[in-house]
Amino acid sequence: MNKYSVLKLSNGEDIICRIVETLKEQIKVENPLLLDVQQTPSRDGRIKETLGLVKWIKPFTDEDSYLIEKNWIVINVSASDGLSKYYEYILKKLDEPKMTKVEELKN
């Protein structure tokens, strides 16, 4: 079983996260990211889907873990290996310190 889960929430959002604790009426998750699927037409007229992972609650708080009411969860499935690797890559990128313009000029 994969260590990450994809949760479909009752408001329509899909998040990927690590479930760290299951309580009676809530689950505790760490580092949730919102799955952002964009559909764009390709040159040959087909619909192309791209997946982005974006901060879910993090822009509004400094917390790393959150309690989600179980009745807000429509479905809970294990993330695929490919999605799990992408998730880890994005988390790593989000944790990297950003260079300021002055630091960029020095390099």
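## Lining of the largest pocket

By class, the lining of the largest pocket holds six nonpolar, one polar and five charged residues. Ala, Val, Leu, Ile, Met, Phe, Trp, Tyr, Cys and Pro count as nonpolar; Asp, Glu, Lys and Arg count as charged; the others, Gly among them, count as polar. The model behind these values is predicted: local features need pLDDT of at least 70, side-chain atom pairs count only at pLDDT 80 or more, and totals for chains, interfaces and linings use all residues. Residues are numbered from 1 along each chain as its sequence is written, and side-chain values use heavy atoms, with hydrogens and water left out.

Which residues line the largest pocket? They are Asn 31, Pro 32, Leu 33, Lys 55, Trp 56, Lys 58, Glu 63, Asp 64, Tyr 66, Leu 91, Leu 94 and Asp 95. Strand S3 (26-41) and helix H1 (81-95) each supply at least two residues of this lining. The pocket has a volume of about 230 Å³. Rolling a probe the size of a water molecule over the atoms shows where empty space is left. Here a pocket is an open set of points on a 1 Å grid over the protein atoms alone, where a 1.4 Å probe fits, with protein on both sides within 12 Å along at least five of seven lines; lining residues have an atom within 4 Å of a point. Grid points are joined across faces, edges and corners, and a volume is the space filled by probe spheres set on the points.

## Two lining residues

Asn 31 is found in strand S3. Its phi is positive, at about 50°, although Asn 31 is not a glycine. Most residues other than glycine have a negative phi. Asn 31 counts as partly exposed because its relative accessibility is 32%. The cut-offs are these: buried means under 20% relative accessible area, exposed over 50%, and partly exposed in between (1.4 Å probe, protein chains only).

Trp 56 sits in the loop between strand S4 (47-55) and strand S5 (65-69). Is Trp 56 buried or exposed? Trp 56 has a relative accessible area of 15%, so it is buried. Trp 56 and Pro 32 are 24 residues apart in sequence, yet 6.2 Å apart in space, C-alpha to C-alpha.

## Layout of the chain

The chain has two helices and six strands. From the N terminus on, the order is β-β-β-β-β-β-α-α. Helices (H or I, at least four residues) and strands (E, at least two) are DSSP runs, numbered from the N terminus.

Buried residues make up 23% of the 107 residues in the chain. One of them is Ser 84, which is buried because its relative accessible area is 6%. Ser 84 lies in helix H1.

## Salt bridges

How many salt bridges does the structure hold? There are four salt bridges. A salt bridge is a side-chain nitrogen of Lys or Arg within 4 Å of a carboxyl oxygen of Asp or Glu. Side chains of opposite charge can pair when their charged atoms come close.

Among them is the pair Glu 30 and Arg 18, at 2.8 Å, N to O. This pair links distant parts of the chain: Glu 30 is in strand S3, Arg 18 is in strand S2 (residues 14-22), and they are twelve residues apart. Glu 30 is partly exposed, at 25%, and Arg 18 is partly exposed, at 34%. Asp 14 and Lys 8 meet in another salt bridge, at 3.1 Å, N to O. Asp 14 is partly exposed, at 24%, and Lys 8 is partly exposed, at 31%. Asp 44 pairs with Arg 46, the closest N and O atoms being 3.5 Å apart. Asp 44 counts as exposed, at 53%, and Arg 46 counts as exposed, at 61%.

## A nonpolar surface patch

Val 74, Ile 75 and Val 77 form a nonpolar patch on the surface, with about 260 Å² of accessible area together. Patches are made of residues with over 30% relative accessible area and no salt bridge: like charges are joined within 9 Å, nonpolar side chains (Val, Leu, Ile, Met, Phe, Trp, Tyr) within 5 Å. Accessible areas come from the Shrake-Rupley method with a 1.4 Å probe; for residues, only the protein chains shown count as cover.

Val 74 is in strand S6 (residues 73-78). Its relative accessibility is 58%, so Val 74 counts as exposed.
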